[in-house]
Amino acid sequence: DDDDDEEEHGDNKQEEEEEKKEKGGDIGSFLLCIKCLADYAMQLADVNISLTAIGTLWAVGDHARQQMNNDSKVANAIWIIVLKQLELLSLNDRAPVRNCALQTMFTTLVTHGEFFSMKTWGKCIAVDGIVFGVMDGIERKCTLGDNEEKNSNKKNDGEDDYMIVHHSRDTTAKQWNETRVIAMKELSRTIRSFFAKLNDMEFFGIMWAEILNIVRRGLLLVRDASNSADAEVQREVVIASIVFVSELMIIANNTSTLWNPTWMTLCEFGIKEDFKYDQEEELSRCIVRSLASLWQKTFEDDTTSTPLQTVAGQQAFLEYIFLILNNRVKVEGRYKHAKSPAEREYMEFIREILLPSAANDSNDKWLINFTFEQLLQLCNNANSNSIFVIDIIGIIVDMRGKVVDGDDKVLLTLFNIVKRAV
């Protein structure tokens, strides 16, 4: 009888193992498959083989989702293995390979994140996890020292001549900056998609602080540039950082403990040194546009409650935009017959967003007065070109009846403009 029981037990165990394999529970075979695909992605003979292998890694991650009903532990284990391989590939020396791997890694997070266990999310998004490991590695590669070392090395034997690049991507530094921009965009997408879930995790505050450190380092890159050539290389990262931080503020609209430090991080940018190589006003235009979008989205949503909806918050916001306009670099003879890019964005914000919202709120009389005073100052600002001033005059003339002593202030401003012109 004992022998029969042992035999029956052995048969049951074998059946369980076979059933487990049929359900996709053999983690060892998946590990070998993923490792094989990663090796193909790392090979140097043909970049197309690498890209195909990365696409197949995505398919393996997608297959893991099908195992959720059978064994969620196996599915989460497969996702972690796939993500760790994509983490390594996201730091590959070849730009197409690393960019593909990076986008695949974040797409895996966004697509399957709703099925991740809390433990899996911790391994992915904690400060010492997969995502921040990639972000840190990319930043290190972006430094001038690393790029100079990379450019000084001879090409690896067997590496294929796989790409013809546009002049905007013709150096290693520019290509790594492109990867850095992609990483920030994808991280923003991930946080936006799973903010409610991540916000409940115990490490979320530390994670948010680390994101702000990433943003801060990106924002201040041009300030540290020693010449216009270096500034040109770093500019796209600064622009991506501006967009990233403004998106973070929209995400954190109902959480003042996150909104306030995010706003303070943004305000670290904007001194004159940040615009010393911004003759085309790419940076000043981007930040004015991002701020306008932040204001619009904040007041479009009646459920939000942020410092921007207070008098003090709105005053600080408008003073910051004024600071940006005041600290721009003015190039003599430039934009004689048209508003500059930053001025166009500002006027669109005033006309299309701020004034209509203030007109619809009877309690915002102070906002009308404050905006009126700022516009008067911009009329007398040495950085404001004549077309910009003419547009402002049109607005303040329309506003004068809503402001205390508005007629007198407009007349005095016009007098000072004429006096200055003479």
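Modeller: Buried means under 20% relative accessible area, exposed over 50%, and partly exposed in between, with a 1.4 Å probe and protein chains only. This is a predicted model, in which local features need pLDDT of at least 70 and side-chain atom pairs count only at pLDDT 80 or more, while totals for chains, interfaces and linings use all residues. Residues are numbered from 1 along each chain as its sequence is written, and side-chain values use heavy atoms, with hydrogens and water left out.

Colleague: Is A101 buried or exposed, and at what relative accessible area?

Modeller: A101 sits in helix α5, residues 95–112. Contact means heavy atoms within 4.5 Å; beyond its neighbours within four places in sequence, A101 has contacts with I54, L86, L89 and S90. A101 is buried, because its relative accessible area is 0%.

Colleague: How many helices and strands does the secondary structure of the chain come to?

Modeller: Helices (H or I, at least four residues) and strands (E, at least two) are DSSP runs, numbered from the N terminus. On that basis the chain comes to 18 helices and zero strands.

Colleague: What percentage of contacts in the chain between residues at least 6 apart in sequence join residues at least 24 apart?

Modeller: The chain has 422 residues, and buried residues make up 47% of them. Among contacts between residues at least 6 apart in sequence, the share joining residues at least 24 apart is 73%.

Colleague: Which residues touch the most other members of the largest nonpolar core?

Modeller: A nonpolar core is a set of buried Ala, Val, Leu, Ile, Met, Phe, Trp, Tyr and Cys residues joined through side-chain atoms within 4.5 Å. W208 has contacts with I191, F195, L248, I251, A252, L258 and T262, leaving aside neighbours within four places in sequence. In the largest core, which has 121 residues, those that touch the most other members are W208, F317, Y346 and F349.

Colleague: How far apart are the end C-alpha atoms of helix α14?

Modeller: Helix α14 covers residues 311–326. Its buried residues are G313, Q314, F317, L318, Y320, I321, F322, I324 and L325. The expected span of a helix is 1.5 Å times one less than its number of residues, so the 16 residues of α14 should span 22 Å, and this agrees with a distance between its end C-alpha atoms of 22 Å.

Colleague: Which residues of α16 are buried?

Modeller: Helix α16 has 15 residues, 365–379, and should span 21 Å, which agrees with end C-alpha atoms 22 Å apart. E373 is found in α16 and counts as partly exposed because its relative accessible area is 30%. The buried residues of α16 are L367, I368, F370, T371, F372, Q374, L375, L376, L378 and C379.

Colleague: What volume does the largest cavity have?

Modeller: On a 1 Å grid over the protein atoms alone, a cavity is a set of points where a 1.4 Å probe fits but cannot get out, and lining residues have an atom within 4 Å of a point. Grid points are joined across faces, edges and corners, and a volume is the space filled by probe spheres set on the points. The count comes to one cavity of 30 Å³ or more. The largest cavity has a volume of about 30 Å³.

Colleague: Which element gives the largest share of the lining of the largest cavity?

Modeller: The lining consists of M135, I138, E139, R180, A183 and I214. Two or more of these residues come from each of α7 (130–142) and α9 (172–198). The largest share, three residues, comes from α7.

Colleague: How many residues of that lining are nonpolar, polar and charged?

Modeller: Ala, Val, Leu, Ile, Met, Phe, Trp, Tyr, Cys and Pro count as nonpolar, Asp, Glu, Lys and Arg as charged, and the others, Gly among them, as polar. The lining of the largest cavity then divides into four nonpolar, no polar and two charged.

Colleague: Which residues does E186 touch, not counting those up to four places away in sequence?

Modeller: E186 is found in helix α9. E186 counts as buried because its relative accessibility is 11%. Not counting residues up to four places away in sequence, E186 touches Q103 and F106.

Colleague: How far apart in space are S290 and S246, C-alpha to C-alpha?

Modeller: S290 is in helix α13 and is buried, with a relative accessible area of 11%. Beyond residues up to four places away in sequence, S290 touches I242, V243 and S246. S290 and S246 are 44 residues apart in sequence, and their C-alpha to C-alpha distance is 6.2 Å.

Colleague: What phi does E281 have?

Modeller: Most residues other than glycine have a negative phi. E281 lies in the loop between α12 (256–267) and α13 (282–300), and is buried, with a relative accessible area of 3%. Although E281 is not a glycine, its phi is positive, at about 60 degrees.

Conventions. 1 Å grid on protein atoms, 1.4 Å probe; cavity = no way out; pocket = protein on both sides within 12 Å on 5 of 7 lines; lining within 4 Å.
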